[in-house]
Amino acid sequence: MKEKRNKVLLVGVQLQRQTDFEYGMEELANLATACDLQPVGELTQKAERLHSSYYIGRGKLQELQAMLEAHDSPAVIFNDELSPSQIRNLEAVLDCRIIDRTMLILEIFAERAQTREAQLQVEVARLQYMLPRLVGSRESLGRQGGGAGLKNRGSGETRLELDRRRIEERITMLEAELTKLAARRQQLRKQRRKNEVPVVSLVGYTNAGKSSLLNTMLERYHPGQGKQVFAHDMLFATLETKSRSIRLQGNRSIVLTDTVGFVSRLPHHLVKAFRSTLEEVAESDLLLHVVDSSHPEQEAQIQVTRQTLRELGADQVEELIVYNKADLTHESYPRIEGGAIYLSARQAIGIDELSSILTKRLFHDEVQLEILVPYDKGHIVSYFKSYAEVTSMSHEEEGTRMSLQCSPADMERYKDEILIYDLPSQ
């Protein structure tokens, strides 16, 4: 899109009882900017319903034509997903590039996708979006491809049918490759479950600071190891699910997963295509719902995130609200209030408090023990030193005596090889 035209006009229709319209238009401008397009004008209309043929009424359509001439015919972006007929009609009347909200988001995803899986998922979403929109203004789409004249009538395949069949075949091929990648990721999840490491997923609206929070926690607990993920102050900086192992205070290990950010009216093609990637969210032990506390529409963003989680079947997973970017507000921080935490990932303030909450929520069933490990079982001592919170350790005649706090699974794993002085109360 940006190669053809750099300037764009924004068009939106405010329906009755639509309270978030202004914010939606502001977000549309931000989406355009994220795609390197420059909004140079805006046209809005209040209506009971969208015009079935042109999205906007005929009077507004004439206004839009005048704006196009005044701004040297830029492209036009509409703040909803247009039907195939609306796109054709608008192109015919306005004689310019027509872009709808879904197309714009798909374009951003296509530009940002880095990994093979993300690229495949975006391509599937784009092809599924294109499929019902193949009938365009080009006459060639309706021409016969298999002969001419009465003798060959019906023997060929229309260009439209050929295009549709090729797209459907391409989608099938891409989905088969995605299925293989999803199976590989499922194996990794099973391995983590086998190791009984809790999985925490970062979810939230795009640009809320999820990747920045992950990087800050990595720097706090694993400084200098180069495990950081890409983070930038822009919409949809993260399109790939990235998982990092983090060892919190007291040797408690978790897997922290960064996920793609959500946005209002996220195209259902994208949600469907990224569903396999986002399965990680539904299987998490805890969701860190990251919110930009400095954003004036934070409550609306929270609702969009929760609605998307419902669509993914992840609304039953326990949630902790993390109000990030508190340094950009007048709120005091760090603080814990009403099941939420206020912090600043950029300033690394509130990270220890967050770690403390994670420890309490994820490791609440840990047991306190005093054990004796025979000297020929040194690997057990090493294991507990690495994966349990050891409060004291001494060397006695029969082995190493340790006071520690560990998971019930670890106690069960080694109970036949060690002497346990204090069993957990039943």
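The legends below describe close-up views of one predicted protein model.

Residues are numbered from 1 along each chain as its sequence is written.

**View 1. The whole chain.**
The protein chain holds 13 helices and 15 strands. Helices (H or I, at least four residues) and strands (E, at least two) are DSSP runs, numbered from the N terminus. Of its 426 residues, 48% count as buried. Buried means under 20% relative accessible area, exposed over 50%, and partly exposed in between (1.4 Å probe, protein chains only). The accessible surface comes to about 21500 Å², and 46% of it belongs to carbon and sulfur atoms. These areas come from the Shrake-Rupley method with a 1.4 Å probe; for residues, only the protein chains shown count as cover. Among contacts with a separation of 6 or more, 70% join residues 24 or more positions apart. A contact means heavy atoms within 4.5 Å.

**View 2. Helix α5.**
Helix α5 covers residues 116-130. Its 15 residues should span 21 Å at 1.5 Å a residue, and its end C-alpha atoms are 21 Å apart, which agrees. The expected span is 1.5 Å times one less than the number of residues. Buried residues of α5 include L120, V124, L127 and Y129. E117 and Q121 are also buried.

**View 3. A four-stranded open sheet.**
The strand order is β13-β14-β12-β15, with antiparallel pairing. Two strands pair if DSSP finds at least two bridges between them. Strands of a sheet pair through backbone hydrogen bonds, either parallel or antiparallel. β13 (389-395) and β15 (419-420) stand at the edges. Each has a single partner strand, so one side of each is left without a neighbour in the sheet. Two bridges join β12 (residues 367-374) to β15. In β15, L419 is the bridge partner of L372. Helix α12 (residues 378-387) packs on the sheet and touches β12, β13 and β14 (399-406). The directions of α12 and β14 make an angle of about 30°. Axes are lines fitted to C-alpha atoms, for helices over the stretch in contact, and angles run from 0 to 180 degrees between N-to-C directions.

**View 4. R306 and E319.**
The structure holds 21 salt bridges. A salt bridge is a side-chain nitrogen of Lys or Arg within 4 Å of a carboxyl oxygen of Asp or Glu. R306 forms one with E319, their closest N and O atoms being 2.7 Å apart. R306 sits in helix α10 (residues 298-311) and E319 in strand β9 (residues 319-324), 13 residues apart. R306 is partly exposed at 29% relative accessibility. E319 is partly exposed too, at 24%.

**View 5. R401 and its two partners.**
E370 forms a salt bridge with R401, the closest N and O atoms being 2.5 Å apart. E370 lies in strand β12 and R401 in strand β14, so the pair ties together parts 31 residues apart in sequence. E370 is partly exposed at 22%, and R401 is partly exposed at 23%. R401 also forms a salt bridge with E396, with closest N and O atoms 3.6 Å apart. E396 is partly exposed at 33%.

Methods: Predicted model: local features only at pLDDT ≥ 70, side-chain atom pairs only at ≥ 80, totals over all residues. Heavy atoms only, no water.
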